[in-house]
Amino acid sequence: MPLAFLFPFSCMAIWAGNGIVSKLAVGVLSPAALAWSRWMVAALVLTPFLARRAWRVRGKLRAGFSKLAALALLGMVLNQTFGYYAAQTLGATEIGLMMGLTPLMTVLLSIWLLRERPTWGALLGGVISLMGLAILLGQGDPSRLLTQGIHIGFVYMLLSAATYALYSVLLKRWDLGLDNWSMLYGQVLCSLLFLTPFYLLVDGHWPDGSALWLILYAGIPTSALSPWLWMQGIALLGASRTAIFMNLLPVMTAALAITWLGERLTSYHLIGGGMTLMGVLLAQLLVKPVVVRRRARLAMASCQED
């Protein structure tokens with residue numbers, strides 16, 4: 001299909017827009033209210049189309065409930081809630097740059113949890129990304145991390161990227177025998193089980209009418225449509241080629257932030273963010289595995305025997 005790239009491209013554009021919504025929601029909606037209302041809208045939109053499908057596979061959904069709940073907690077509850085709390089103090093540009101770390105974290109977690117062989121791209125890209133991250137977190141001066149620590153907003157975004165990376169790895173590791181739509185619908189319902197008591201305890205106020213369009217954007221294009229676009233991209237292009245489109249997210253988010261929010265790109269955004277993205281790109285493109293030479297293996301074996 002010649003225009004298959006439009007599916008992941010459109011998905012990234014929607015996600016970039018969600019970064020802008022996160023900033024616009026500050027002072028209008030609490031992070032708890034936005035997280036809960038987003039998935040409530042998604043559930044209301046998806047239920048007429050997916051409820052019967054879910055009922056047909058209810059046995060598999062029940063059998064895999066604990067894993068579905070874990071996936072929902074990571075990918076829909078913690079990931080999004082951390083991101084919304086980060087938006088209270090960070091700009092949309094910084095949010096986009098930090099989310100750009102997700103593919104690299106996914107590669108590194110896959111090495112650890114899935115026992116995948118490390119690649120030169122993961123090693124080299126990891127070093128370059130860490131250097132760029134230090135520049136970004138230190139706002140141009142990495143030594144500030146030692147004297148002033150890490151800004152709480154960046155901590156939230158690191159947690160957001162890490163939880164989504166872990167979600168991606170576990171999604172690959174766990175085969176629940178469900179189609180993608182049933183997996184999505186099951187996770188949406190599980191996320192509401194977690195978010196409803198959290199929302200009632202932390203906020204509990206019904207969202208104001210002025211926040212309706214923010215909720216609708218977060219609930220329909222971001223939560224209901226973009227997963228389908230991403231799955232279509234994987235089906236037509238393959239997982240590896242589709243994953244490369246994640247590198248567009250920081251660029252698109254920054255472009256929207258400058259245009260809509262009047263944010264300004266600084267030199268540390270360009271240098272630190274550029275190095276971070278370069279490392280992520282290397283991790284995805286340089287896939288040759290690291291091979292330990294035979295002599296080195298024999299030397300290690302003899303040392304162990306001694």
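**Overall picture**

Tutor: The end C-alpha atoms of residues 6-137 lie 33 Å apart, and this span is 84% helix and 0% strand. Helices (H or I, at least four residues) and strands (E, at least two) are DSSP runs, numbered from the N terminus. The model is predicted: local features need pLDDT of at least 70 and side-chain atom pairs count only at pLDDT 80 or more, while totals for chains, interfaces and linings use all residues. Residues are numbered from 1 along each chain as its sequence is written, and side-chain values use heavy atoms, with hydrogens and water left out.

Student: Where does UniProt place the feature "domain: EamA"?

Tutor: The unreviewed UniProt entry puts that feature at residues 6-137 and 152-282. UniProt positions are given in the numbering used here, feature names are shortened, and annotations may be inferred rather than shown by experiment.

Student: How many helices and strands does the protein chain have?

Tutor: The protein chain comes to 15 helices and zero strands. Its C-alpha trace spans about 65 × 50 × 45 Å along the principal axes.

Student: What share of the residues is buried?

Tutor: Buried residues make up 46% of the 306 residues. Buried means under 20% relative accessible area, exposed over 50%, and partly exposed in between (1.4 Å probe, protein chains only).

Student: Let us change topic. What span does helix α10 reach?

Tutor: Helix α10, residues 180-202, has 23 residues and reaches 32 Å from its first C-alpha to its last, close to the 33 Å expected at 1.5 Å a residue. The expected span is 1.5 Å times one less than the number of residues.

Student: Where does the kink in α10 lie?

Tutor: A kink of about 30° lies at Leu195, shortly before the proline Pro197. The bend is the angle between axes fitted to the seven residues ending at a residue and the seven starting there.

Student: What lies at the two ends of α10?

Tutor: Asp179 caps the N-terminal end, with a side-chain oxygen 3.1 Å from the backbone nitrogen of Trp181. Gly204 follows α10 and has a positive phi, near 80°.

Student: Which helices do the buried residues of α10 pack against?

Tutor: They pack against α2 (31-56), α3 (58-63), α4 (65-86), α9 (152-173) and α11 (212-237). Contact means heavy atoms within 4.5 Å.

Student: Is Gln187 buried or exposed?

Tutor: Gln187 counts as buried because its relative accessibility is 2%. Its side chain forms a polar contact of 2.9 Å with that of Tyr167. A polar contact is a pair of N or O atoms within 3.5 Å; within protein, one must be able to donate a hydrogen and the other to accept it, and residues adjacent in sequence count only if both atoms are side-chain atoms.

Student: What does Gln187 touch, beyond residues up to four places away in sequence?

Tutor: Gln187 touches Leu68, Leu71, Ala72, Met76, Tyr167 and Leu171.

Student: And how far apart are Leu216 and Val41?

Tutor: They are 175 residues apart in sequence and 7.0 Å apart in space, C-alpha to C-alpha. Leu216 is found in helix α11 and is partly exposed, with a relative accessible area of 34%.
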